[in-house]
Amino acid sequence: KSQEHKYVPVAIDPDHILIIGDSSGSTGPAKLIRHTYNTFVKAAQNSHHLFESGDVFASHNGINHIGFLAVTMVAPLFKGVTIYTINYLHEMIIFTTRGFLTKVALYESHLMLIKSIPGLGIQNNCLRDCTVISAGGPVSPKFVDEIFNLGARQFTSFYGCNETLSPFFTLTLNSNNDPFDDGRVG
């Protein structure tokens, strides 16, 4: 005699923990951060203003940074952004140099790493017409200057996405002459 089985989906509890990860420790001692389904989806919703329909985006940020995961993977999907997946950081720079990307997520440490690789080099205007999105600690004058010297159209930095999963503090610069070191972000 056969038994009938009926699949009954289990409702997701929005307050159930979805992801747990360590904070980076950039602003204090590293700690364990827990996020629920609700906070993760809200973070992506709150971050979608960083993207526009028609953007072509790439990021080399791993899934180990849970705040940036919401911002760089889920939020762009909410806006219908084309996302390039890349294996290596220099691929992202190659794509921007070729004009494929309109937005990239880039940390200052990423840029320093690229510049430290012998023989790789960075072409002038490799970030031409791109918006560079960054997050974390305070923005250094050197990083802002380099981003705009490489041709970036705009630079957006935000803070507070790992623990709160929402970029509460956002700073957008249109040139390296815009004030950025006044403590508004980071």
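Where is Asn 125 found? I looked it up: Asn 125 is in the loop between α4 and β6 (131–135). Helices here are DSSP runs of H or I with at least four residues, strands are E runs of at least two, and both are numbered from the N terminus.

**Ground rules.** I am working on a predicted model, where local features need pLDDT of at least 70, side-chain atom pairs count only at pLDDT 80 or more, and totals for chains, interfaces and linings use all residues. Residues are numbered from 1 along each chain as its sequence is written, and side-chain values use heavy atoms, with hydrogens and water left out.

**Overview.** I get five helices and eight strands in the protein chain. From the N terminus on, the order is β-β-α-β-α-β-α-β-α-β-α-β-β. Of the 186 residues, 41% count as buried; buried is under 20% relative accessible area, exposed is over 50%, and partly exposed lies in between (1.4 Å probe, protein chains only). For contacts (heavy atoms within 4.5 Å), I took pairs at least 6 apart in sequence, and 61% of those join residues at least 24 apart.

**The α4–β6 loop.** Back to Asn 125: its phi is positive, about 65 degrees, although it is not a glycine. Asn 125 counts as partly exposed, because its relative accessibility is 40%. Asp 129 sits in the loop between α4 and β6 too. Asp 129 is also not a glycine, yet has a positive phi of about 65 degrees. At 57% relative accessibility, Asp 129 counts as exposed.

**Cysteines.** How many disulfides does a search of the whole structure find? I got zero, with a disulfide taken as a pair of cysteine sulfur atoms within 2.5 Å. Cys 126 is in none, and its nearest cysteine sulfur, that of Cys 130, is 8.4 Å away. From the Cys 130 side, the closest cysteine sulfur is in Cys 126, so at 8.4 Å it is too far for a bond. Cys 126 is buried, with a relative accessible area of 0%. Cys 130 counts as buried as well, at 0% relative accessibility.

**α4 against α5.** Next I checked the helix pair α4 (residues 108–116) and α5 (residues 141–149): the axes come within 10 Å and cross at roughly 65 degrees. That makes α4 roughly perpendicular to α5. For my own reference, axes are lines fitted to C-alpha atoms, for helices over the stretch in contact, and angles run from 0 to 180 degrees between N-to-C directions. Under 35 degrees is roughly parallel, over 145 roughly antiparallel, 65 to 115 roughly perpendicular, and the rest oblique. The crossing is left-handed, meaning that the near helix is turned anticlockwise from the far one by less than a right angle.

Which residues make the contact? From α4 I noted Glu 108, Leu 111 and Lys 115, and from α5 Phe 143, Glu 146 and Ile 147. They divide into three nonpolar, no polar and three charged.

I then followed Glu 146, which is in helix α5. Glu 146 counts as buried, at 15% relative accessibility. Leaving aside neighbours within four places in sequence, Glu 146 is in contact with Leu 111 and Lys 115.

**Ile 86.** Last stop: Ile 86, in the loop between β4 (82–84) and α3 (89–97). Ile 86 counts as buried, at 15% relative accessibility. Not counting residues up to four places away in sequence, Ile 86 touches Ser 59, His 60, Glu 91, Met 92 and Phe 95. Ile 86 and His 60 are 26 residues apart in sequence and 6.9 Å apart in space, C-alpha to C-alpha.

Methods. Ala, Val, Leu, Ile, Met, Phe, Trp, Tyr, Cys and Pro count as nonpolar, Asp, Glu, Lys and Arg as charged, and the others, Gly among them, as polar.
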